[in-house]
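Have the viewer ready, try each task yourself, and then follow the solution.

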Amino acid sequence: MNIIGLDSLVFGVDDYDASVRCLQDYGLKQAHRGMEGGLYEALDGTSIEVRRAGDAGLPSAISRSPNIRETIYGVADQATLDAIGAELSKDRPALLDAEGVLHSRDDSGIAIGFRVTVRRPIVAPPVLINVPGMPPQRPPNVVAADPGAMSEPRSLSHVVYFVPDVAKAERFYVERLGFRMIDRFSNVGPFLRPAGTQEHHTLFLIQAPEHMLGINHFTFHMAGASELLQAGWKFREKGWKGFWGPGRHIFGSNYFWYFNSPFGGAIEYDADMDLHDDSWVPREVDAAEDTSQIFLFEHRPLWFPRGGDPH
């Protein structure tokens with residue numbers, strides 16, 4: 001199955017205005033807003049759709065609101081979409097709507113959709129880093145640090161679910177949709193990627209009790225560590241409370257910074273994720289402080305050392 005990755009996440013929220021403000025403060029651009037909800041895009045057209053939790057047009061929720069209501073994957077072509085429809089129709093409804101989105105549910109009850117991807121080429125300045133021992137990437141007199149720079153999310157990266165039976169959920173994505181397990185936290189769950197990408201993970205599954213089911217967090221890729229830190233700093237200064245980070249994960253190697261959000265789970269910035277092909281041998285460890293990150297920092301107000309005081 002040539003599934004490229006996430007195209008869009010659909011949320012049903014309790015505080016619609018706060019959710020819209022969160023996405024705009026985060027850096028997504030409003031593509032549409034109407035009575036039914038709004039669509040907020042990254043540079044490549046991947047998006048978050050936010051709607052009121054009571055909207056009758058939403059798929060039914062797996063658990064209490066606010067929560068994710070549907071995950072829409074982008075596929076390479078119509079042939080892939082047809083193949084997914086044929087596979088899922090063997091034992092569950094898989095219905096194609098007028099806009100070309102195939103709607104179904106996974107084995108955890110989470111609504112999933114598939115469409116020929118809407119991703120478009122990213123138009124943005126290149127990220128140029130000067131490294132000793134390598135030819136300069138950023139030429140003389142080009143300044144890297146710009147306090148006023150816009151840090152725009154580039155692409156929807158991954159989503160993480162709380163699920164009631166993590167082994168059953170993993171089997172569905174691997175056996176029915178062709179996902180591959182890349183790494184695993186033995187005491188938590190698997191990191192999975194579909195066949196159409198080499199990114200470390202598009203989906204991470206976490207075993208959880210019934211009252212917690214649904215979204216754990218979601219994230220978009222930023223251009224690099226500096227852009228992630230600058231975006232997270234601005235987001236924090238706009239009043240959004242940090243949850244974890246900034247730091248750098250071990251599985252995936254991605255830089256991260258998580259924040260609390262009105263979506264029922266955290267919203268994250270990430271950057272610089274590992275790529276793996278089918279020759280990769282998955283790693284497996286228990287999730288713990290020393291296996292989940294190689295460093296971790298905390299936000300603090302701006303300051304400047306004066307009078308020789310190092311503190």
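**Exercise 1.** Find which residues line the largest cavity, and sort them by class.

*Solution.* Start with the term: on a 1 Å grid over the protein atoms alone, a cavity is a set of points where a 1.4 Å probe fits but cannot get out, and lining residues have an atom within 4 Å of a point. The lining consists of Ser 60, Ala 61, Ile 62, Ile 68, Arg 69, Arg 105, Gly 109, Ile 110 and Ala 111. Next, sort them: five are nonpolar, two polar and two charged (Ala, Val, Leu, Ile, Met, Phe, Trp, Tyr, Cys and Pro count as nonpolar, Asp, Glu, Lys and Arg as charged, and the others, Gly among them, as polar). Finally, the space in this cavity is about 40 Å³, a volume being the space filled by probe spheres set on the points, with grid points joined across faces, edges and corners.

Two notes before you go on. This is a predicted model, where local features need pLDDT of at least 70, side-chain atom pairs count only at pLDDT 80 or more, and totals for chains, interfaces and linings use all residues. Residues are numbered from 1 along each chain as its sequence is written, and side-chain values use heavy atoms, with hydrogens and water left out.

**Exercise 2.** Describe the second largest pocket: which residues are the closest to its centre, and which element gives the most to its lining?

*Solution.* A pocket is an open set of points with protein on both sides within 12 Å along at least five of seven lines. This one holds about 450 Å³ of space. Of its 25 lining residues, Phe 204, His 217, Trp 244, His 249 and Tyr 258 are the closest to the centre. Helix H5 (289–292) is among the elements that give two or more residues, and H5 gives the most, with three. Helices (H or I, at least four residues) and strands (E, at least two) are DSSP runs, numbered from the N terminus. By class, the lining has 13 nonpolar, ten polar and two charged residues.
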